[in-house]
Amino acid sequence: MKIWVIALLTASILLCGVFVAKVTGIWDGTDNGSGNIKAETLQRFSEDSSPENIRGSYTFHDIEVLYGIDASDLAVAFQIEAFDPSIIGLSDLENLYNDLEEGVEIGTGSIKWFVSIYTGLEYIHEGDYLPSGAIAFLTSKNLWTKDLESQYGDFITTLPQTSYLYSSEILDAIHAEEEFGESLDTGSSLDEPLNEFSGKTTVSDLLEMGISQSDIESILGMKIPNNHMTVRDICNANEISYSTVKSEIMTLLDSLDQ
C-alpha cells in the first residue's frame, strides 16, 4: 500500500475519533484541567463513575474535574476558607473538623454523599454526615428535597465554627495538637454564650430561645427549608441580608427578656 494512502487512512481515523469524542462529551477540544489527576484515577472513573469510588487521596480539584462541581462551591458548602480551594485534600477533612461532637464525622464519606446528591449518581448512605452549609448550598440548587430531609435529617450537623481555615500550617498545627496536646483555634471564637444569637445559631436554637417559627419566617420572608440550618446559611443561600435579619432577631430576643 502506498505511503500516502496509509497517511490518509491514519488521518481519517484520528478525525473520526475526535468527532465521536466530541459527540459523547469525552473531549471538547479544551484543557479540562485534568493534568494533575493520575491516569489510573481517570481510567477508574471512565469505567465506573460511582461516588463510591472517590478516595481520600483525591482533592477538590479532582472532584471538580471528575464530577463538574466547582472546587470553590465545595469549599463554600463545607465552610472552608482557602486561598486555593482546589488543593484541599479529602483525607484532610477529618483533621480539619477536629471539634465535632462524638459520633459525628465529616470526611471522605461526606464528600461521596454530597457528590451523589449533586449529580444524582447512586450512592448507599452509610451514616455519613453533612454540615448545615452543605444543606444550604444543596437547598439553593433545589437538590435537597423533603424526602431527603425526612430520611436523613438526623445526619445534618451544625459546625461549631462558622468557617475552617485550610493551609499546610493549620494542618501541621492540628497534628501537633493531637500529638502534643497544644491548643489551636482554627476558626471563629467559641466563647459566645449559648443563648445569644450568632453566626452559628440554627433555626432550632431560635425555637428553643422562644421565637416562633412563624416569626422567624416573617423576618426571613420565606419558608424555612430546614430547622437544622443556621440563619446565616439560609440568608447566604437565598441572597437575604444577614445583617438585617440578625438585627430583627436580636430585637425580638430582647423583647422576650423584658
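Of the 258 residues in the chain, 40% count as buried. The model is a predicted one. The chain holds 13 helices and 4 strands. Among contacts between residues at least 6 apart in sequence, 63% join residues at least 24 apart.

**Helix α7**

- Helix α7 is largely enclosed by the rest of the structure, because 8 of its 9 residues are buried.
- The buried residues of α7 are Ser132, Gly133, Ala134, Ile135, Ala136, Phe137, Leu138 and Thr139.
- These buried residues pack against the helices α4 (71–77), α6 and α12 (231–237) and against the strands β2 and β3 (156–157).
- Ser132 belongs to α7, which spans residues 132–140.
- With a relative accessible area of 1%, Ser132 is buried, because that value falls under the 20% cut-off.
- Leaving out residues up to four places away in sequence, Ser132 touches Gln79, Ile156, Thr157, Thr158, His228, Met229, Thr230 and Asp233.

**Packing of α6 on α7**

- The helices α6 and α7 pack at an angle of about 10°, and their axes are 11 Å apart.
- This angle makes α6 roughly parallel to α7, because angles under 35 degrees are counted that way.
- On the α6 side the contact is made by Phe114, Ile117 and Tyr118, and on the α7 side by Ala134, Phe137 and Leu138.
- The residues of this contact divide into 6 nonpolar, no polar and no charged.

**Phe114 and the nonpolar core**

- The largest nonpolar core has 57 residues, and within it Ile63 and Phe114 touch the most other members.
- Neighbours within four places in sequence aside, Phe114 is in contact with Ile69, Leu74, Ala77, Phe78, Leu130, Ala134, Phe137 and Leu138.

- Lys112 is placed in helix α6.
- Lys112 counts as buried, because its relative accessibility of 13% is under 20%.
- Beyond residues up to four places away in sequence, Lys112 touches Pro51, Glu52, Ile54 and Tyr123.
- Tyr123 sits in the loop between α6 (108–119) and β2 (130–131).
- Although it is a loop residue, Tyr123 is buried, with a relative accessible area of 13%.
- Tyr123 touches Pro51, Glu52, Gly109, Lys112, Trp113, Ser116 and Asp128, not counting residues up to four places away in sequence.
- Tyr123 and Pro51 are 72 residues apart along the chain, and their C-alpha atoms are separated by 6.4 Å.
- A polar contact of 2.9 Å joins the side chain of Tyr123 to the side chain of Asp128.

**The loop after α7**

- Asn142, which has a positive phi, follows α7.
- The loop that holds Asn142 runs between α7 and α8 (146–152).
- Phi of Asn142 is near 60°, a positive value in a residue other than glycine.
- Asn142 counts as exposed, because its relative accessibility of 68% is over 50%.
- Leu143 is also found in the loop between α7 and α8.
- At 25% relative accessibility, Leu143 counts as partly exposed.
- Aside from neighbours within four places in sequence, Leu143 is in contact with Ile117, Tyr118, Leu138 and Leu148.
- Leu143 and Thr119 are 24 residues apart in sequence and 9.2 Å apart in space, taken from C-alpha to C-alpha.

**Glu239**

- Glu239 lies in the loop between α12 and α13 (242–257).
- Although it is not a glycine, Glu239 has a positive phi of about 55°.
- Glu239 counts as exposed, at 78% relative accessibility.

Definitions and conventions:
Residues numbered from 1 in each chain as written. Predicted model: local features only at pLDDT ≥ 70, side-chain atom pairs only at ≥ 80, totals over all residues. Heavy atoms only, no water. Helix = DSSP H or I, 4+ residues; strand = E, 2+ residues; numbered from the N terminus. Buried < 20%, exposed > 50% of the residue type's maximum accessible area, 1.4 Å probe, protein only. Contact = heavy atoms within 4.5 Å. Polar contact = N/O pair within 3.5 Å; in protein donor to acceptor, adjacent residues only side chain to side chain. Axes fitted to C-alpha atoms, helices over the stretch in contact; angles between N-to-C directions. Parallel < 35°, antiparallel > 145°, perpendicular 65-115°, else oblique. Nonpolar A, V, L, I, M, F, W, Y, C, P; charged D, E, K, R; others polar. Core = buried A, V, L, I, M, F, W, Y, C linked by side-chain atoms within 4.5 Å.
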